[in-house]
Every structure is written in C-alpha cells, then in structure tokens.
Amino acid sequence: MYETVNAALIAKAKEMLAAGTVNRVLGWQKGLFNYDITPAVFVSAEEIDTGFIYNEFCGANLSKYLIKESRKDGKILVFLKPCDTYSFNQLLKEHRILRENVYVVGIPCTGMKQPETGETAERCLVCRGTKHMAYDELVDGCDESELDPAVAEKRFAKVAELEAMSSDERYDFWRKELSRCIRCNACRNVCPACSCEQCVFDNPNSGIAQKAAADSFEENMFHIIRAFHVAGRCTDCGECSRVCPQHIPLHLLNRKFIKDINELYGSYQAGLDTETRAPLNTYTTGDAEPSIVYTRSAEHEGAV
C-alpha cells in the first residue's frame, strides 16, 4: 500500500508546485536507512524526487510544524494521516495555524512501525479510525471509516492498571520511569499541544531552564507541569513517547487526564472539530464538584 501511496503523493506535490498552487510541501524525508525518516519542507520537484518518502516509518505528526510554516509567504501543502488531523484541528481552534495558508491532503494509513523494533506502534494498536477530521482533498485509498469505540477504549487499559495500584506502587512506577529523563526536551518540542511562544522551562529566571534535573523533585515537576498544561488539549497522538530516547511512557500521563475528563465531564475528544469547547474551558452547573473528585480519588487511593 505505502509504495503506491508514496508515488501518488510525489505526483500530487509536483503537480501543485508546478501549478503554483503552493510554493512548498511539508512531508517526510528519506534518511540513511529505510526507518530513518524525518519531517522536511520541499520547495522543488527535484527535492521531492530525491528526498520525499512515505512509508510505514513516517509516524511523525506534521501538524505542529504548520505553526511557523503557515506564517511564511505563500501557501504550503501538507500531507496528514487521519490521527494527525486531530492535532491540526486543535491547533486551528487555538488560532496557532493560519488555515488559509495551508492546503491539506489527507492520506491513508494502515499503521506505523517503531524504528527500533519494526513492530506496530502502540498508538496504532488503539487507533481511533481512518477518518480524517480535516482536509482539502483526499488521495485514493482513504476509506474514511470510524473504528469500533471498544477498540479505541483499549488505550486506557494501562491507565486502569495504574489506578488499581496503591499510591505507593504508583509512585514507585513513575519514579522509576521519570528517573530516566535526561531533559532533552524532545517530548515538549514535538508535542502539538506545547505551542507557547516561550516555555516556562526556557525562562532563564526559573532556575531550571534547559538543564538536566538536579533532583527527583525537578524530574517530577517538568513532566507533571507539562501534563497539566496539555490537559483537555492533548489529542493522544503519542508523539511524546515516540521521540523519547529513554522510552518513558509519557503518553500514559496524558491518557490519565483524558480518562478523567471523560469520566467526570462526559466523553470528549480534543481536535474532533474546531468549534466545540473543551470541558476544562467551559463552566456548566453539571460540572463535577470537588467533593465528587475527592471521593473518586479516594476510591483509587490518590491520583496516578
């Protein structure tokens, strides 16, 4: 499938460049090896012929790159997988992407692989379906089907396991995982929801800017603050865990918030559209009161 789609994407990119419809293309670039793929911007047919690739290792979500690219002169063509379009919509909702400067081509995906192992990525095993939430055009092969909700619900299985642990067991689990963090900032830099003009962790007056954690408190603070920051906005794209060189399951922190929001405020999917307001940004008389949250937390012996 990917070989056929790759040829179609190359043809589409060259066609739109030649017609002047766009002046650059955001896609994926070949590396030294078949699995060594990186996002890249192409400005000519020659660059596309020699460097463009779309295969089962193109897991990178291109949406975040549009924050800067959509503010440059001209129009950019971007290829988005179904799961990428949730992040695209969320960034549109937050006025981070200039929609009029982007031409979105939805492309089919049958699952991405982990470069290290060649196995199917975890996020693809609990895929929300092949339907694109935003596009200007779809290439052949997009079936636009929605996955059985029961399959997508499997993504919360590990979160439920953590909730079933005692508070001490959960603490030990996260201390072990987060202690491996080297503060490379890869998770923050790739996350579509982390789009502040200046991150608090880049503030030289904070005392913790661009440095490895000095103690366990700093290790916890960085990831917990980041998780709180994206709560209600995370589309569960899994980019944080995908790029982590230490293989920390950072997506589980975000999924805990997603699971809590679904249970306390009703089912909600960030990036499903560009109009719906997130539960944490909306007040209703039916909102969960502190007593409900505390009772629920007590049943789990504390939060994850």
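A disulfide is a pair of cysteine sulfur atoms within 2.5 Å, and by this rule the count here comes to zero disulfides. Welcome to this structure, which is a predicted model. Its open sheet has five strands in the order β2-β1-β3-β4-β5, with mixed pairing.

**Cysteines**

- Cys-83 is in no disulfide, because its nearest cysteine sulfur, that of Cys-109, is 6.1 Å away and the cut-off is 2.5 Å.
- With a relative accessibility of 24%, Cys-83 counts as partly exposed.
- Cys-194 is in no disulfide either: the nearest cysteine sulfur belongs to Cys-191 and is 4.0 Å away.
- Cys-194 counts as buried, since its relative accessibility is 11% and buried means under 20%.
- As background, a disulfide is a covalent bond that links the sulfur atoms of two cysteines.

**The sheet and its helix**

- The edge strands of the sheet are β2 and β5, each of which pairs on one side only.
- Helix α1, made of residues 2-19, packs on the sheet and touches β1, β3, β4 and β5.
- The direction of helix α1 makes about 165° with that of β3.
- Strand β1 pairs with strand β2 (residues 38-42) in the antiparallel sense, over five bridges.
- Within that pairing, Gln-29 stands opposite Thr-38 in β2.
- Strand β1 also pairs with strand β3 (residues 76-80), in the parallel sense and over three bridges.
- Val-25 has Leu-77 as its bridge partner in β3.
- Further along the sheet, β4 and β5 run parallel and are joined by two bridges.
- Val-105 stands opposite Glu-137 in β5.
- Strand β1 is mostly covered, with five of its six residues buried.

**Arg-24, in strand β1**

- Arg-24 is found in strand β1, which spans residues 24-29.
- Arg-24 is buried, because its relative accessible area is 6% and the limit for buried is under 20%.
- The side chain of Arg-24 reaches the backbone oxygen of Glu-69 at 2.4 Å.
- A polar atom of the Arg-24 side chain also lies 3.0 Å from the backbone oxygen of Asp-73.
- Leaving aside residues up to four places away in sequence, Arg-24 touches a set of residues that includes Leu-17, Val-41, Phe-42, Val-43, Ser-70, Lys-72, Gly-74 and Ile-76.
- Glu-69 and Asp-73 are also among the residues that Arg-24 touches.

- Most residues other than glycine have a negative phi.
- His-95 has a positive phi of about 60°, although it is not a glycine.
- His-95 lies in the loop between α4 (84-93) and β4 (102-106).
- His-95 is exposed, because its relative accessible area is 65% and exposed means over 50%.
- Glu-144 is not a glycine, yet it has a positive phi of about 55°.
- The loop that holds Glu-144 runs between β5 (137-138) and α6 (149-152).
- Glu-144 counts as partly exposed, with a relative accessibility of 23%.

Methods: Residues are numbered from 1 along each chain as its sequence is written. This is a predicted model: local features need pLDDT of at least 70, side-chain atom pairs count only at pLDDT 80 or more; totals for chains, interfaces and linings use all residues. Side-chain values use heavy atoms; hydrogens and water are left out. Helices (H or I, at least four residues) and strands (E, at least two) are DSSP runs, numbered from the N terminus. Buried means under 20% relative accessible area, exposed over 50%, partly exposed in between (1.4 Å probe, protein chains only). A polar contact is a pair of N or O atoms within 3.5 Å; within protein, one must be able to donate a hydrogen and the other to accept it, and residues adjacent in sequence count only if both atoms are side-chain atoms. Contact means heavy atoms within 4.5 Å. Two strands pair if DSSP finds at least two bridges between them. Axes are lines fitted to C-alpha atoms, for helices over the stretch in contact, and angles run from 0 to 180 degrees between N-to-C directions.
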